[in-house]
Amino acid sequence: MEPFVRNPMNQTQERFELEGWIHLVPGLTAGFTSRSGGISEPPYDSFNLAYHVGDSPQHVLENRRRLAETLGFNPETWTCGEQVHDTKIAVVRKNDRGKGYADRSSAFQDMDGLVTNEPDVLLTSFYADCVPLYFLDPRNKVIGLAHAGWKGTVKLISHAIIDTMEREFSSNRAEIRTAIGPSIGQCCYEVDEMVMGKVREAVETIGATQADYEAHSLFAPSQHDGKTMLNLKELNRIIMIKAGILPTHIECTTWCTSCHPELFFSYRKQNGVTGRMASWIGRKVR
Ligand SMILES: [Zn+2]
């Protein structure tokens with residue numbers, strides 16, 4: 001069953017909620033935005049949530065404020081990093097709340113992962129085809145997000161965040177829940193041999209076998225010579241299983257961001273000039 005439930009409750013701000021996690025920790029909310037419900041103009045129409053794409057900063061700020069308020073968070077608790085397709089993880093403490101909300105310079109620099117055990121912090125990260133990863137340790141109430149494009153995926157950002165959760169917050173990976181959110185599907189994700197070389201190195205590093213590839217339909221033939229259709233979501237699933245996450249603790253979406261231009265910004269579909277959706281996770285204390 002699709003874990004990211006489309007929520008058309010409010011037509012002007014459609015979003016995808018990770019409903020199965022709501023009951024694991026009181027006050028938890030996690031999900032992924034759609035492109036609708038904001039005030040940005042084309043090609044960022046309309047719910048662009050990232051500053052770096054060239055949109056009006058005032059529009060981005062208003063869109064962020066709307067999302068935070070809709071989720072029941074003070075907008076000033078919005079916390080994010082400047083993403084660079086690497087594997088550094090920011091540990092978010094109470095005093096870090098609000099970093100990156102109003103401008104790029106206050107964000108955690110060069111950070112593709114965020115993890116915290118603080119309540120009333122809205123962690124966010126930004127996407128147009130890359131894979132949003134979500135992490136939850138229900139016992140210690142630790143939450144995290146990681147941005148995994150092909151680079152972050154093959155550099156094993158999910159291992160980096162799981163290690164950080166154990167080191168900083170005494171999490172136990174046998175208890176950690178993860179989710180793989182809306183992102184480009186194998187249907188639309190054609191890669192070249194340069195990328196495939198890095199993918200093969202990564203699967204070798206983690207000890208994946210031919211049987212693993214086949215069980216997860218990691219690769220499919222492309223209609224173009226020298227190209228492969230890569231299943232980046234399943235690659236992340238295998239990487240997390242090899243890290244010790246229980247297969248039953250991994251949720252994976254079926255949504256493809258490139259197949260649904262009416263719902264999602266897609267870097268590939270819109271030739272690089274487009275807005276960004278946000279993944280979010282936060283725990284409210286009332
Ligand atoms: Zn697709």
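What arrangement do the 4 donor atoms around the zinc ion make? They subtend angles of 105 to 116°, which makes the arrangement tetrahedral; four donors count as that if all angles lie between 85 and 135 degrees.

Before going on, a word on the model. It is predicted, so local features need pLDDT of at least 70 and side-chain atom pairs count only at pLDDT 80 or more, while totals for chains, interfaces and linings use all residues. Residues are numbered from 1 along each chain as its sequence is written, and side-chain values use heavy atoms, with hydrogens and water left out.

Back to the zinc ion. Cys187, Cys188, Cys256 and Cys259 coordinate the metal through their SG atoms, at 2.3 Å. Donors here are N, O and S atoms within 2.8 Å of the metal (3.2 Å for Na, K and Ca). Their spacing in sequence is C-C-x67-C-x2-C. Cys188 sits in the loop between β10 and β11, and Cys256 in the loop between β14 and β15, so the pair ties together parts 68 residues apart in sequence. Helices are DSSP runs (H or I) of at least four residues and strands (E) of at least two, numbered from the N terminus. Cys256 is buried, at 4% relative accessibility, whereas Cys188 is partly exposed, at 23%. Buried means under 20% relative accessible area, exposed over 50%, and partly exposed in between, with a 1.4 Å probe and protein chains only.

Next, two helices. In α6, 9 of the 11 residues are buried, so this helix is largely enclosed by the rest of the structure. Gly244 follows α6 and has a positive phi, near 110°. The buried residues of α3 include Ile157, His159 and Phe169. Ser170 follows α3, also with a positive phi, near 55°.

Key
Tetrahedral: all angles 85-135°; square planar, octahedral: opposite > 155°, others 65-115°.
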